[in-house]
Amino acid sequence: RQLENDLKEAKKSGIRIITLFCQDYPQMLKEIPGPPIVLYLSGEIIGDDNSGIAIVGSRRASFYGLSSAEKFACDLSAQGLTIVSGMARGVDTYAHRGALRARGRTIAVMGSGFSHIYPPENAGLAKKISESGAVISEFPMDTLPLAQNFPRRNRLISGLSLGVLITEAARNSGALITANCALEQNREVFAVPGKVDSDNSKGVNELIRQGAKLIDKVEDIL
């Protein structure tokens with residue numbers, strides 16, 4: 001009965017359901033350990049999306065972190081790279097906006113089902129992303145945005161990408177989970193250095209200390 005309701009809700013909402021065995025399943029995700037067998041999809045994933053860069057960071061980012069995310073997303077998008085992020089408040093939202101500003105492609109990975117767009121204020125952003133790329137989730141339609149879902153979805157953000165760029169992150173930021181997933185998946189990790197006296201930068205500066213590539217211009221990533 002749950003499956004029937006899920007299929008009915010997806011059809012009513014215009015959400016496509018694809019499996020690991022479908023032709024349009026993202027090729028990059030097939031390469032990671034434990035790829036999701038099922039993806040819920042709004043929009044379209046194309047071959048060009050195999051050249052993706054994830055941009056993630058703090059939900060409570062400073063102006064520096066937000067503007068860095070938007071600028072790098074815009075510049076990378078203008079070079080033909082797909083911007084991948086999690087549509088969360090803060091850095092994620094600005095990364096998607098940067099890609100849209102450049103009229104490029106962007107993919108959002110949700111930590112909830114499509115019946116519960118999170119955060120709610122990004123419902124309009126989700127619609128725009130679907131028109132210029134895709135919004136995806138591995139969770140059934142009625143899944144609530146529970147805290148334990150977000151670390152799990154982070155492996156998909158890195159898995160869809162050639163590398164992950166962290167623009168700002170505190171020591172306990174979920175963005176660091178995405179960086180760890182990237183390393184496990186043999187992806188590149190890039191980091192924008194932050195102010196030494198800012199708690200919001202301690203996580204990203206620690207990544208650089210551990211060997212993440214320090215980035216101060218888009219050419220460093222290209």
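**Note on the predicted model**

Asp 49 is buried because its relative accessibility is 4%. Buried means under 20% relative accessible area, exposed over 50%, and partly exposed in between, with a 1.4 Å probe and protein chains only.

The model is predicted: local features need pLDDT of at least 70, side-chain atom pairs count only at pLDDT 80 or more, and totals for chains, interfaces and linings use all residues. Residues are numbered from 1 along each chain as its sequence is written, and side-chain values use heavy atoms, with hydrogens and water left out.

1. **Asp 49 and Arg 105.** The side chains of Asp 49 and Arg 105 meet in a salt bridge, 2.8 Å from N to O. The pair links distant parts of the chain, 56 residues apart. Asp 49 sits in the loop between strand S2 (38-43) and S3, and Arg 105 in the loop between H4 and S5. Arg 105 is partly exposed, at 21% relative accessibility. A salt bridge here is a side-chain nitrogen of Lys or Arg within 4 Å of a carboxyl oxygen of Asp or Glu. Helices (H or I, at least four residues) and strands (E, at least two) are DSSP runs, numbered from the N terminus.

2. **Other salt bridges.** A search of the whole structure finds 14 salt bridges. One joins the side chains of Glu 121 and Arg 89, at 2.6 Å from N to O. This pair also links distant parts of the chain, 32 residues apart: Glu 121 is in the loop between S5 and H5, Arg 89 in the loop between strand S4 (82-85) and H4. Arg 89 counts as partly exposed, at 37% relative accessibility. Arg 16 and Asp 24 meet through their side chains at 2.2 Å, N to O. Arg 16 is partly exposed at 35%, and Asp 24 is partly exposed at 26%. Glu 138, Arg 152 and Arg 155 are linked in a network of salt bridges.

3. **H3 against H4.** Two packed helices are described by the angle between their axes and the distance between the axes. Helix H3 (residues 63-78) and helix H4 (residues 91-101) pack at about 35°, with axes 7 Å apart. On the H3 side the contact includes Gly 65, Ala 69, Ala 73 and Ser 77. On the H4 side it includes Val 91, Ala 95, Gly 98 and Ala 99. Axes are lines fitted to C-alpha atoms, for helices over the stretch in contact, and angles run from 0 to 180 degrees between N-to-C directions. Contact means heavy atoms within 4.5 Å.

4. Helix H6 (residues 149-159) is mostly covered, with 9 of its 11 residues buried. Among them are Phe 150, Arg 153, Leu 156 and Ile 157. Arg 155, a member of the salt-bridge network, is also buried. In H7, the buried residues include Ala 175, Leu 176, Cys 181 and Ala 182. The buried residues of H7 pack against strand S3 (52-56), H6, strand S7 (163-166), S8 and H8.

5. **Asn 205.** Which helix holds Asn 205? It is H8, residues 202-209. Asn 205 counts as buried, at 18% relative accessibility. Leaving aside neighbours within four places in sequence, Asn 205 is in contact with Pro 193, Gly 194, Lys 195 and Val 196.

6. **Backbone points to check.** Tyr 118 and Pro 119 are joined by a cis peptide bond, with omega about -5°. Pro 119 lies in the loop between strand S5 (106-109) and helix H5 (123-131). Arg 103 is not a glycine, yet its phi is positive, about 60°. Arg 103 is in the loop between H4 and S5 and is exposed, at 80% relative accessibility. Just after H7, Asn 186 takes a positive phi of about 65°. The loop holding Asn 186 runs between helix H7 (175-184) and strand S8 (188-191). Asn 186 is exposed, with a relative accessible area of 72%.

7. **Nonpolar surface patch.** Leu 3, Leu 7 and Ile 17 form a nonpolar patch on the surface, with about 270 Å² of accessible area together. Leu 7 is in helix H1 (residues 2-13) and is partly exposed, at 46%. Ile 17 is in strand S1 (residues 16-19) and is partly exposed, at 30%. Patches are made of residues with over 30% relative accessible area and no salt bridge; like charges are joined within 9 Å, nonpolar side chains (Val, Leu, Ile, Met, Phe, Trp, Tyr) within 5 Å. Accessible areas come from the Shrake-Rupley method with a 1.4 Å probe, and for residues only the protein chains shown count as cover.
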